[in-house]
Amino acid sequence: MQRVPELVVIGGSWGGIQAALQILKGLPPNYSLPIVLVLHRLRDQEGNLQEIFERKTRLTTVEIEDKQQLVPGMLYLAPPNYHVLLENDRTFALDDSELENYSRPSIDVTFTSAADVYGDQVAGIILSGASSDGSSGLKYIFEKGGTALVQQPQEAEIDTMPLAAIRATPGCRIMQLIDIQEFLLSLHVN
Amino acid sequence: MKLSSDAQFEQEVEVLIGEIKQHYGYDFSGYARASVYRRVKRFMGQKGLENMQQLREPLFSDSFFFEVFLQDVTVNVTEMFRDPSFFLSLRQNVLPLLSTYPYIKIWDAGCSTGEELFSLAILLQEEGLLNRTKIYATDINQKVLRQAKEGIFPVSRIPAYTAAYYAAGGKQEFSGYYRSNYGNAKFNSELVRNVVFYPHNLATDSSFNEFHLILCRNVLIYFGRELQERVLNLFDESLVSLGYLGLGKKETLAMSGISPYYNAVDKTNRIYRKLN
Ligand SMILES: C[S@@+](CC[C@H](N)C(=O)[O-])C[C@H]1O[C@@H](n2cnc3c(N)ncnc32)[C@H](O)[C@@H]1O
């Protein structure tokens with residue numbers, strides 16, 4: 001029996017912002033899980049992403065600070081130039097080590113760390129992007145019994161990232177954004 | 001729920017941390033675990049080590065192997081003028097006030113391979129303060145300190161550093177600060193004439209002087225909350241009244257017990273000033 005996820009991690013790159021907004025705009029402000037969003041950004045780009053998500057979704061959106069606690073109903077954005085790791089006490093730990101897949105933040109790093117802490121109770125979602133980052137992280141989540149979802153490649157602005165994820169994790173569920181949103185809503189408990 | 005195999009690996013790392021302390025005196029017990037686990041796993045993967053026993057054997061019989069391990073587990077990624085806005089803010093908000101002192105003392109804690117130190121020295125030079133400033137550049141890792149002293153950085157990074165230098169308010173021809181040679185850029189050693197390089201472990205060593213400015217950037221993120229608090233108290237002890245503390249872009253005083261005694265001079269760039 002698969003246990004219900006307690007954490008949602010989402011990764012995307014090119015086209016990922018729009019895709020993430022599509023999914024997240026339908027979630028209630030008191031959504032019962034924390035959501036961590038790792039988007040590749042332009043280097044040193046300052047944090048207006050936070051504003052965009054704050055404005056276009058109903059979730060409280062923050063850029064992750066070191067040692068910050070994960071709380072349900074919050075949308076956490078990976079800051080530029082740091083990898084985001086999770087601690088066993090469900091706080092964030094930032095890390096400025098080498099780029100992974102030419103990226104920092106790297107989706108693989110966060111997905112892997114999430115599965116180390118939450119085991120099978122993670123839902124990982126890969127969205128549009130022009131990179132293969134995230135595919136080994138998604139595989140890792142799946143192998144630990146977690147939920148692996150990938151945006152349907154035909155629907156993605158750039159299908160490189162979804163295709164790489166599907167190749168790495170053939171057992172993942174391939175879904176349109178609207179269905180990913182439905183899935184997330186099904187996890188919500190009032 | 002966490003998988004039992006992961007819990008077991010983590011348990012083994014805990015044991016390893018204890019053994020390293022006994023054997024080599026390095027105390028990693030206060031470090032942020034998520035990063036330690038990841039670094040150890042990564043190191044084992046790169047060396048083709050399949051289990052903890054295969055790591056422990058060379059680690060405790062071969063001190064060179066341990067050095068390599070230490071290098072890898074303590075992240076020392078760095079760059080020049082990292083977060084240019086931080087250096088611009090130092091230039092605009094901090095150095096003018098430091099210039100009122102006849103003699104300035106600065107501590108660059110966790111200086112890694114020296115990119116931050118040379119950036120700072122360039123700033124001081126351009127603001128006319130370098131000659132009356134003494135900088136203590138410290139790190140836990142002796143190898144990076146030796147590199148810092150050399151001031152030799154890959155030429156491939158120079159375009160990015162040049163852009164960052166101007167973004168940090170640079171006023172000169174950046175190329176005037178270094179000479180290129182065989183893929184390397186050697187920075188002018190005059191810049192670090194007044195620098196003392198010296199190994200210091202923030203986890204275990206104590207305060208050793210008083211400073212007008214302490215930089216400790218992207219080091220605290222690798223520590224757990226308690227060790228962070230220890231280090232911040234160490235800095236508090238080591239700052240003169242009205243002294244400045246500069247942290248990394250994602251590090252904060254906010255959660256610390258010393259925070260009531262500090263003003264945020266520049267909140268986004270994490271520059272704080274001791275009240276008295
Ligand atoms: C990521 S680098 C940061 C370099 C530079 N300050 C910057 O922001 O670019 C972290 C540095 O902290 C050093 N470090 C780690 N643990 C330490 C400790 N206990 N005491 C002193 N330095 C430490 C590492 O050796 C490494 O050089």
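**Ligand and chain contact**

Me: Start with Ser112(B). How far is its side chain from the ligand?
Reply: An N or O atom in the side chain of Ser112(B) is 3.5 Å from an oxygen atom of the ligand. Bear in mind that this is a predicted model.

Me: Which polar atoms of Gly110(B) and Asn201(B) face ligand nitrogen?
Reply: For Gly110(B), a polar backbone atom, at 3.0 Å from a nitrogen atom of the ligand. For Asn201(B), a polar side-chain atom, 2.8 Å from a nitrogen atom of the ligand.

Me: How much of the ligand does the protein cover?
Reply: 99% of the 600 Å² of accessible area that the ligand has on its own.

Me: How many residues surround it, and where does the ligand lie?
Reply: 22 residues surround the ligand. Tyr31(B), Thr78(B), Arg82(B), Asp139(B) and Asn201(B) are the closest. The ligand lies between chains A and B.

Me: On to the chains. What area is buried between chain B and chain A?
Reply: About 2600 Å², with carbon and sulfur atoms giving 40%. Met1(B), Arg38(B) and Lys250(B) supply 28% of what chain B buries against chain A, more than any other three residues.

Me: How many residues does each chain put in?
Reply: Chain B gives 31 residues and chain A gives 33 residues.

Me: How many salt bridges cross over?
Reply: The rule finds 11 salt bridges across the interface. One of them joins the side chains of Arg39(B) and Glu98(A), 3.0 Å from N to O.

Me: Which element of chain B gives the most to the side touching chain A?
Reply: H2(B), with 8 residues. By class, that side of chain B has 14 charged, 12 nonpolar and 5 polar residues.

Note on methods:
Residues numbered from 1 in each chain as written. Chains lettered and ligands numbered in written order. Predicted model: local features only at pLDDT ≥ 70, side-chain atom pairs only at ≥ 80, totals over all residues. Heavy atoms only, no water. Contact = heavy atoms within 4.5 Å. Buried area = accessible area lost by both parts, 1.4 Å probe. Salt bridge = Lys/Arg side-chain N within 4 Å of Asp/Glu carboxyl O. Helix = DSSP H or I, 4+ residues; strand = E, 2+ residues; numbered from the N terminus. Nonpolar A, V, L, I, M, F, W, Y, C, P; charged D, E, K, R; others polar. Near = heavy atom within 4 Å. Polar contact = N/O pair within 3.5 Å; in protein donor to acceptor, adjacent residues only side chain to side chain. Areas by Shrake-Rupley, 256 points an atom, 1.4 Å probe, with all protein chains shown as cover.
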